[in-house]
Amino acid sequence: MRAITIPEPGGPEAPVLAEVADPVAGPGEVLVEVAATAVNRADVMQRQGRYEPPAGASPYPGLECSGRITALGPGVAGWSVGDEVCALLAGGGYAEKVAVPVGQLLPRPEGVDLVTAAALPEVTSTVWSNVFQIAHLRAGETLLVHGGSSGIGTMAIQLGRAIGAKVAVTAGNARKLSSCAELGAEVLIDYHGQDFVAELGSHGADVILDVIGAEYLARNVEALAVNGRLVVIGMMGGAKAELNLSRLMSKRGAVIATTLRARPLNEKAAIVAAVREHVWPLVAARAVRPVVDSVVPLGEVAEAHRLMESSEHIGKIVLEVG
């Protein structure tokens, strides 16, 4: 099969489309013929040599995919050859075939074509696990999403609105903020000229979903409502910062930091099962939809990575493989 390999870390031109050995479905796995995958920040970091795949994972980039099941490994039940699926991966999506643990499979959602379905597994799993399973966002609360026009952001806006929360977002220009408003965001903050703490008002945010990290830590604590929950899922703004515990205690707040890629299989399976139960019906009902900025052929992965690094996209960048 063909897959994107990274012979040496480097810029967008570093990934190479090469012939590699086919994967084999082991116990509790299925083999998926990949129709599409999607670009995530983790792929860029892996290409740069700053994010090694977890032990035992595929060496190829790609944290999600869509496609058709072509083989079942020993012990697999409930799925059949030919099923159209999408999946959360620890790696390997940038390839024509990938072996997937059965607990990380999702059926192609009703009303979403197979290529577009590749834009859903990582964002739905990340948002549902962090905003709802960990931070317990509830109806009537305020959710602040940093980077509201990103793949994660566009999904967080929609799921927040779907459960009855008020959604605030930060983004870098009017075009991006307009796209967030169309998805249901009510408080629109241009981080180039507006202070998100001031824009949230005296109540603040009950839940903050943050991809920036160190650069925003102090301001995020200021922005928390009493009993607020800050969930940090990225470090685009650095890894180390000073935390004012006195201020956090005065808010009775919580700071939580999580990753998804290296979690044990049973934890990922529980997250995926929750996404299937709670999010897939919203997708089928058209209350939530994948937001895709562009679809790029796998052989043009360098262009897809350049677009990701430019931060000019809105929603997901899909790589079509099939």
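Me: How many positive and negative side chains does the protein chain have, and how far apart do the centres of the two sets lie?

Reply: Lys and Arg count as positive, Asp and Glu as negative, while His and the chain ends are not counted. Each charge is placed at NZ of Lys, CZ of Arg, CG of Asp or CD of Glu. Here there are 26 positive and 34 negative side chains, with the two centres 5 Å apart. The model is predicted: local features need pLDDT of at least 70, side-chain atom pairs count only at pLDDT 80 or more, and totals for chains, interfaces and linings use all residues. Residues are numbered from 1 along each chain as its sequence is written, and side-chain values use heavy atoms, without hydrogens and water.

Me: What percentage of the residues of the protein chain count as buried?

Reply: Buried means under 20% relative accessible area (1.4 Å probe, protein chains only). By that criterion, 53% of the 322 residues are buried.

Me: Which residues of helix α10 are buried?

Reply: Helices are DSSP runs of H or I with at least four residues, strands runs of E with at least two, numbered from the N terminus. In α10 (residues 301–310), the buried residues are V301, A302, A304, H305 and M308. They lie on the same side of α10, because their arc around the axis is only 160°, taken from the directions from the helix axis to the C-beta atoms.

Me: Against which elements do the buried residues of α10 pack?

Reply: Contact means heavy atoms within 4.5 Å. The partners are β1 (2–5), β3 (29–39), α1 (41–47), β14 (292–297) and β15 (316–320). After α10 comes S311, with a positive phi near 60°.

Definitions and conventions:
Buried < 20%, exposed > 50% of the residue type's maximum accessible area, 1.4 Å probe, protein only.
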